[in-house]
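Subject: Structure handover

Hi,

Here is the structure you asked about. Please open it alongside this note.

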Amino acid sequence: MSQQITRKEKISYGLGDMASHVGLDNVIIFLTFYYTDVVGLPAAFVGTMFLLARTADAIIDPAMGYLADRTRTRWGKFRPWMLWLALPFGASCLLTYAVPESLSLNGKMIFATVSYTLMMLMYTAINIPYCSMGAVITPNNEQRISLQSYRFFLATLGGAMSTFFMMPLAEYLGGDDKLMGYRAAMAIMATAAVIMFWICFANTRERINAPATHNNYLSELRDLLRNDQWRVVSVLVITNIGFGVIRLGAMMYFVTYYLGNAGYFMWMLGAHILGKAAGSALAKRLTRNVGKVQMFGYCSVLAGVISIALFFAPKSILLLVPLTFIISTLYQATTTLMWVMMADVADYGEWLQGKRMDGVVFSTFLAVLKLGMAISGAIVGWTLGLSGYVANATEQTSTAMYCIVALFTIVPGLLSLCAFATLHWYKLDDGTMKSINPAKQSLS
């Protein structure tokens with residue numbers, strides 16, 4: 001448990017999230033636009049589908065965590081899932097972008113619902129063990145921040161690979177057949193994701209071995225709900241994911257209809273991706289002299305204020321690109337620190353209740369995250385539908401335009417400020433974690 005985590009292991013662990021983001025970033029950034037403007041599904045239906053599918057998936061998350069906690073193999077309890085489920089995850093990503101053009105509108109709705117729900121279930125099944133593994137690779141706070149920094153830096157690269165190359169590949173491989181182009185492009189992305197998960201499995205190790213627990217599923221959930229810091233971090237998760245999903249879900253509409261030039265999307269997306277990479281790389285450096293809780297608060301306030309200020313900013317790509325970079329840097333720093341806070345909740349629960357439940361802790365956090373994704377995605381779809389948005393229209397109504405801009409600026413900004421307010425109830429700062437388990441925290 002006192003071993004120094006090598007750079008090779010940190011990179012290999014990060015490749016697991018890189019693989020996840022090859023699929024997930026496509027879902028967040030492109031899938032709403034793909035369904036409405038390529039496949040031709042009604043925006044209100046897409047929002048409702050996201051809500052129902054992600055809610056159903058979130059309900060299953062704790063059960064997957066319960067199962068992962070009870071997995072016993074020679075490779076550990078979390079690592080083997082990277083080996084077993086890499087191929088099913090890749091296949092499910094491919095199916096999401098394989099809506100047949102020959103189907104009727106109702107047939108496309110059914111296919112989209114089934115394939116999207118399957119993709120989210122596969123994401124759950126492989127991502128819960130992956131996230132849980134981060135808490136058992138090392139107990140040391142500094143190494144955990146470093147591990148999560150590598151993870152989110154590589155996750156950002158995975159998102160960049162997926163989102164930057166998705167549309168050019170689709171156009172190159174599909175030509176005039178957009179549906180075929182998306183399908184072929186995702187086949188390449190999914191193959192890369194499978195290989196990354198296998199590398200993650202091969203080069204990581206689980207160093208914290210919790211004793212087997214014989215409590216039943218409902219008993220562990222009750223114990224978890226008694227953990228006050230789990231409840232606080234759950235609110236942080238909802239506000240954090242809401243910020244990202246709503247802002248990114250609105251980005252394509254913002255540049256296409258508000259800025260009036262869809263070509264600006266790659267500039268905005270590039271600024272976002274570079275900002276995320278910077279935020280991941282800076283997270284550890286930022287916390288060298290300032291505690292993670294204080295730094296989380298600083299970044300949340302700045303991201304919220306700047307995001308809201310964009311609503312009143314002039315319509316200039318030269319201004320919007322650097323501000324998008326700054327917002328994304330601050331947002332990614334809070335995301336990295338938030339996952340360290342989740343690992344701290346698992347340690348706190350072990351100290352408070354005498355048992356370690358990494359799988360249940362992280363699976364329930366992911367359930368909350370997906371509920372946040374469901375609500376946030378539905379908000380984008382419903383707002384567009386209720387505002388009078390018309391897909392591929394030359395000009396949108398003033399109401400639709402106002403809602404598009406607000407979804408990209410004001411709504412995420414308010415959520416970021418809510419995250420800062422929630423820190424009032426969070427008590428697992430660096431000093432508290434050292435007092436909970438000084439032996440583990442002193443490891444180097």
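This is a predicted model: local features need pLDDT of at least 70, side-chain atom pairs count only at pLDDT 80 or more; totals for chains, interfaces and linings use all residues.

Residues are numbered from 1 along each chain as its sequence is written, and side-chain values use heavy atoms, with hydrogens and water left out.

**Cavities**

The structure holds six cavities of 30 Å³ or more. (On a 1 Å grid over the protein atoms alone, a cavity is a set of points where a 1.4 Å probe fits but cannot get out; lining residues have an atom within 4 Å of a point.) The largest cavity has about 340 Å³ of space. It is lined by 27 residues, and H21, L24, I241, Y331 and T335 are the closest to its centre. Helix α1 (7-39) gives the largest share of this lining, six residues. (Helices are DSSP runs of H or I, at least four residues, numbered from the N terminus.) By class, the lining has 15 nonpolar, eight polar and four charged residues. (Ala, Val, Leu, Ile, Met, Phe, Trp, Tyr, Cys and Pro count as nonpolar, Asp, Glu, Lys and Arg as charged, and the others, Gly among them, as polar.)

The second largest cavity holds about 80 Å³. Its lining includes F243, F296, Y331 and L415.

The largest pocket has about 280 Å³ of space. (A pocket is an open set of points with protein on both sides within 12 Å along at least five of seven lines.) Twelve residues line it, with N141, E142, I145, T287 and D430 the closest to its centre. The lining divides into two nonpolar, four polar and six charged.

**Helix pairs**

α8 (residues 228-258) and α12 (residues 358-387) pack at about 35°, with axes 8 Å apart. (Axes are lines fitted to C-alpha atoms over the stretch in contact; angles run from 0 to 180 degrees between N-to-C directions.) Contact residues (heavy atoms within 4.5 Å) include W230 and I241 of α8 and F365 and M373 of α12. They divide into 16 nonpolar, seven polar and no charged.

α4 (residues 105-137) and α5 (residues 141-174) pack at about 150°, with axes 9 Å apart. That makes α4 roughly antiparallel to α5 (over 145 degrees). The contact is made by Y130, C131, G134, A135 and I137 of α4, and R144, L147 and R151 of α5.

Best wishes

Terms used
Helices (H or I, at least four residues) and strands (E, at least two) are DSSP runs, numbered from the N terminus. Angles under 35 degrees count as roughly parallel, over 145 as roughly antiparallel, 65 to 115 as roughly perpendicular and the rest as oblique. Grid points are joined across faces, edges and corners, and a volume is the space filled by probe spheres set on the points.
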